[in-house]
Amino acid sequence: MAKGIRDKVAILGMGCSKFGERWDREADDLIVEAYEEAIADAGIETSQIEAAWFSTAIEEQHVGKSGVPLATALRLPYIPVTRVENFCASGSEAFRGATYAVASGACDIALALGVEKLKDTGYGGLPQRGRGALNSMYWANISAPGSFAQLAAAYRAKHGVSRETLKQAMAHISVKSHDNGSRNPKAHLQNKITEDAVLKAPLVAEPLGLFDCCGVSDGSACAIVTTPEIAKSLGKRDLITVKALQLAVSNGQEAQHNSWDGSYFATARAAAKRAYQEAGIDKPREQLSLVEAHDCFSITELVTLEDLFISPEGGAVKDVLDGFYDADGQVPCQIDGGLKCFGHPIGASGLRMIYEIYLQMQGRAGARQRQQEPVRGLVHNLGGMPHQNVCSIAIIGKHGA
Amino acid sequence: MLGTEIRERSLMVGIASFGGYIPRRRLSRKAIVDANGWFNAGLRAYAKAERAICAWDEDSVTMAVDAARDALADGPRDGFRALYLATTSAPFEDRQNAGIVAQALRLGAELNTMDVGASQRAGTTGLIAALDAVAARGGPVLYLAAEKRRAAAASPAELLYGDGAAALILDRADGVARFLGSRSASVDFVDHYKGKGREFDYGWEERWIRDEGFLKIVPPVIAGALAEAGVKPADIAHFCLPCTLPRVAQAIAKQAGLSESSVRTNLDGACGDTGTAHPLVMLVHALQEAKPGERILVASFGNGSDALVFEATGALPAMQQKRRGIAGSLRQRKEETNYAKYLAINDLVKMERGLRAEVDKQTPLTTLYRKKDMLLSLVGGRCERCGTVQFPKSNICVNPNCRAMHSQVDQPFSEFSGKIMSFTADNLTYCPEPPAHYGMVQFAEGGRIMVDFTEVDAGEVEVGMPMRMVFRIKEVDPTRGFTKYFWKAAPAGGAKEV
């Protein structure tokens, strides 16, 4: 296996727009909002950026195809701009493109920017999309909550967990994320909720209720990356570097072969193993300071914490209920509110998760700052459905750690 | 003057197998009358019992497929000469509906397929033609009749009609019932009609239909059929005549010299009158009860009349054990008391379906043709190298320990027995009848499909539940009038009675 990119790329600056129902903002407004923060944080000029990666997933709903919308919004000076899409893990793809460009030496400073403007559909939830000519003719009439809800059925069957216990653990996850979101001024949802309210909410897709589902938001986030040497030459101290970037993509095995039982993410396990190896982590439960998991649904977060080898298989329910992942627990998960409350503007989400880890490492997370100094953070960005998905894992940490 | 014709039958022709299908859902007629009785007090006479109604994802084509699968059972599917489908409620005016059924059943391309329709007599007229074809050219021929008639709200038809299908396999042998003879009459007697582009039937006075229609047109045809069959009227044990008018079948039996006890139930209040399929539905129902040697007379009425005579053979009792037929379908029943839901799923009332229903549903016909075995016949792949079966078929085997290239041969999945591995009941996605149930179904024979469920009841689905695959409507493209079919998973052996 290749040596990987551990500590080869540093984050020079990051920015993130306010997430939420941005009725008065167009996608390019959100792009500029995130970018202004990042370029100021980086302390460079736009002309110093040599290449850009632009992530959106449901581009037909807002900016349309290609890299042109980003280049135009930021008036980028005829540099390479590549639009990327990989379901809900698109933001991580943009980060991967920019990071690999720097790691390869192809360019010194690169930009990754994601945006999604989802609230122009006329209804709540994700937009209904075509799935491709043939897929539309045979795929089940599947929605995002309906596909992830099935994790619960399979998880219960495998681990002998009652519906009530699982619902309770899922409720704990959502209550925790709302608590965290209430301390985040950029979060889409900043209200606290009670376990009782979660359990009494109407069902969206059995057994997921309204509060088991993340927000569908407008928003943008971006990262400017460079080499540690250049970062230092630009006056940066206490660098935050990339420890690992891994991506695993379903090949149809889960969907077609009877070796997968539906209770976990085969991709997450593969990507996590490779990421830990790249980052030099062998005890994730002890070595990770923070986790940003792709909590599109509460059950996704629960199952993922096992797939990341932080909780033992079948043990996430106990860990969750014990408060292991709470903001004051051993490994806080979604200390910023997560997709659940920070929100989920698809193309921006992976970058938003990195943004939070980046802020926390620098002690800049305000009211939600983790007091115990974070050293390594894991970003898990998932796209698709449990039976066919893309799973990205990024590990970010202090330079040299 | 009745047009009649006597045929010579030198060759033995019979029914080799039979099958039936009545939708599980039975709409309470009281629920209909409770809703509409204020407008037409005359409807109250029908306020008892029930009628069969299709689920939102069923039509004449899907019911024909299910009835045919009952008749085919695990018998061979190759070698069929022809497939005829009789219906006046075909989903397509110009795209052969019998061809869709043949494709779904994997009967092969070397098949003579034909739609028969345009009259309530089509079911029996087509059957006589099919029997003639078998006599002349040999069999087997798969003969199907299916009907899902639309009826206007508050009409008696809404209470009396029912949805259902019947299937017969005809061949040059006695089979389970030997064909003895038939007679037809073509009479342009318009008791009702449905004009081009019209949604509903337009009918004339019932007393005239009874006196000038049934009672004058049917008896001579019965007499002719009996004469051709060489059977005395008193020797008929089962008399099948669909008629929603009261006491008409009894009056005709009396006129024709048939015993009073031979008049079979028209299944009114059970499934209702299944239109042009109904003579066959009643015939299959009779075949499920007849004893060897008994004679069955089937007659129809619609722009004339047909009558056919069969004789049950010693092979019938064994088959009675093996077929669901009409009797078995009637036992698999779920009462529906929500009349408003019936109106909604049949597009009989303007519903607010929401913005999620607005997604473009165009079907690329090139893709449909290229993938017809996969989409209409549920054919997947089996790896000749490692034996792994998978859906859909692909160039490289899905088995991670194999990955052979171009090693897959056709593997039908439609008769596989599945179990639910994971599922949900989805209230978000657009579905004509929410919640949308779907999930991963894993097959005992290998392979799995993430697939829509049908015929399941909310709160009754569990991991491990046995499922069978059924041919259903995937969705309807309202902009272009195209019905998309695919397969869904339904509880195996029929859902429990609710």
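Domain bounds in this description come from an automatic or database domain assignment. The structure is a predicted model, in which local features need pLDDT of at least 70 and side-chain atom pairs count only at pLDDT 80 or more, while totals for chains, interfaces and linings use all residues. Residues are numbered from 1 along each chain as its sequence is written, and chains are lettered from A and ligands numbered from 1 in the order in which they are written.

On this basis chain A is divided into domain 1, made of residues 10–121 and 218–233, and domain 2, made of residues 142–209 and 243–398. The C-alpha centres of these two domains of chain A are 24 Å apart.

Burial was assigned from the C-beta atoms, placed from the backbone: a residue is buried if 20 or more other C-beta atoms lie within 10 Å of its own, exposed if 12 or fewer, and partly exposed in between. Strand β1 of chain A (residues 10–16) is mostly covered, with seven of its seven residues buried. Two strands are taken to pair if DSSP finds at least two bridges between them, and β1(A) pairs with strand β7 of chain A (residues 219–226) in the antiparallel sense over six bridges. Within this pairing, C16(A) stands opposite A221(A) of β7(A).

Helix α5 of chain A (residues 144–159) has 16 residues, which at 1.5 Å a residue should span 22 Å, and its end C-alpha atoms are 23 Å apart, in agreement with that value; the expected span is 1.5 Å times one less than the number of residues. Helix α5(A) is also mostly covered, since 12 of its 16 residues are buried, among them F148(A), L151(A) and Y155(A). Just after α5(A), G160(A) takes a positive phi of about 60°.

Chain B comprises 13 helices and 22 strands. Its radius of gyration is 23 Å, close to the 23 Å that the globule rule gives for 498 residues, so chain B is as compact as a globular protein of that length; the radius is taken over C-alpha atoms, and the rule is 2.2 Å times the number of residues to the power 0.38. Along its principal axes the C-alpha trace of chain B spans about 75 × 55 × 40 Å, and 53% of the 498 residues of chain B count as buried. Among the contacts in chain B with a separation of 6 or more, 74% are accounted for by residues 24 or more positions apart.

The domain assignment of chain B gives domain 1 (14–345) and domain 2 (355–378 + 413–491), whose C-alpha centres lie 28 Å apart. The contact between them takes 15 residues from domain 1 of chain B and 13 residues from domain 2 of chain B. On the domain 1 side, α2 (60–72) and α3 (97–105) of chain B each supply at least two residues, and the residues of that side divide into seven nonpolar, two polar and six charged.

Strand β13 of chain B (residues 304–312) contains A307(B), which counts as buried with 31 C-beta neighbours inside 10 Å. The residues that A307(B) touches, not counting those up to four places away in sequence, include R183(B), V221(B), I222(B) and L297(B). A307(B) and L297(B) are 10 residues apart in sequence and 6.9 Å apart in space, C-alpha to C-alpha.

Between the chains, the contact takes 38 residues from chain B and 31 residues from chain A. On the side of chain B that touches chain A, β18(B) gives the most, with six residues, and by class this side has 20 nonpolar, 11 polar and seven charged residues.

Terms used:
Contact = placed C-beta atoms within 7 Å. Helix = DSSP H or I, 4+ residues; strand = E, 2+ residues; numbered from the N terminus. Nonpolar A, V, L, I, M, F, W, Y, C, P; charged D, E, K, R; others polar.
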